[in-house]
Amino acid sequence: IYYRRRSQQRASLGPRVLVASKAAAKLEAARIALGASEVTGMSASSLIADQPIGIEVTMLGAANRLRHICAEGNGSEGYDFAVAIENGIVRLQDNGAGEFSHGERWLDLAIVAVRDLKTGTTTFASSAGLEVPPHFVGEWAESGEEGRRGRAREDDGRRPTSSGGGRRGREGGAMGERELAHERDMLSSVL
């Protein structure tokens with residue numbers, strides 16, 4: 001009887017989720033989107049460049065992270081879902097549409113991979129993306145720090161702040177909140 005009650009209590013609390021990151025924003029996004037009772041972060045390499053360029057490479061990074069945390073013996077036993085989020089940049093094709101033509105344009109988008117660990121089903125989704133000013137991309141390439149958005153300079157000379165030192169340093173204020181909402185919305189869309 002005790003076991004049955006304990007199982008019923010846990011089921012009513014929500015799923016246990018393993019996330020291929022220790023970033024607080026990604027853990028919180030998974031908790032909110034999946035209604036999780038427990039979220040655990042685990043470091044996992046993407047096995048791709050620090051800054052993925054293109055949807056295919058970004059998706060590969062998410063898949064590699066997911067594969068790593070789901071590998072036998074890595075601690076995924078007892079969890080209900082495994083989640084990996086990989087951000088990359090995608091160059092938009094400028095069609096020269098008169099006043100809307102701005103030359104080179106880039107989007108920062110996320111690819112989210114969610115695996116149901118009970119059924120083995122994996123689903124991928126992408127965000128709509130946030131525009132990244134082309135001078136950021138140019139500065140990254142020239143400095144050899146492609147993708148270290150937390151180190152890129154804004155037009156007014158201020159440096160965005162980085163929380164945690166990762167390659168995707170969160171910019172202070174509204175940008176960080178927007179990215180959190182962005183990832184949360186994406187996880188919700190997967191389910």
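1. Helices (DSSP runs of H or I, at least four residues) and strands (runs of E, at least two) are numbered from the N terminus, and on that basis the protein has five helices and six strands. Read from the N terminus on, these elements follow the order α-β-α-β-α-β-β-β-β-α-α.

2. The model is a predicted one, in which local features need pLDDT of at least 70 and side-chain atom pairs count only at pLDDT 80 or more, while totals for chains, interfaces and linings use all residues. Residues are numbered from 1 along each chain as its sequence is written, and side-chain values use heavy atoms, with hydrogens and water left out.

3. Of the 191 residues in the protein, 42% count as buried, that is, under 20% relative accessible area with a 1.4 Å probe and protein chains only. The accessible surface, computed by the Shrake-Rupley method with a 1.4 Å probe, comes to about 10,500 Å², and carbon and sulfur atoms hold 50% of that area.

4. Among contacts (heavy atoms within 4.5 Å) with a separation of 6 or more, 52% join residues 24 or more positions apart.

5. N87 lies in strand β3, which spans residues 81-92, and N87 is buried, its relative accessible area being 3%. The side chain of N87 also makes a polar contact, at 2.8 Å, with the side chain of D108; such a contact is a pair of N or O atoms within 3.5 Å, one able to donate a hydrogen and the other to accept it.

6. The charged end of R16 sits over the ring of Y79, 4.3 Å from the ring centre; for Arg this requires CZ within 6 Å of the ring centre and within 35 degrees of the ring normal.

Methods:
Buried < 20%, exposed > 50% of the residue type's maximum accessible area, 1.4 Å probe, protein only.
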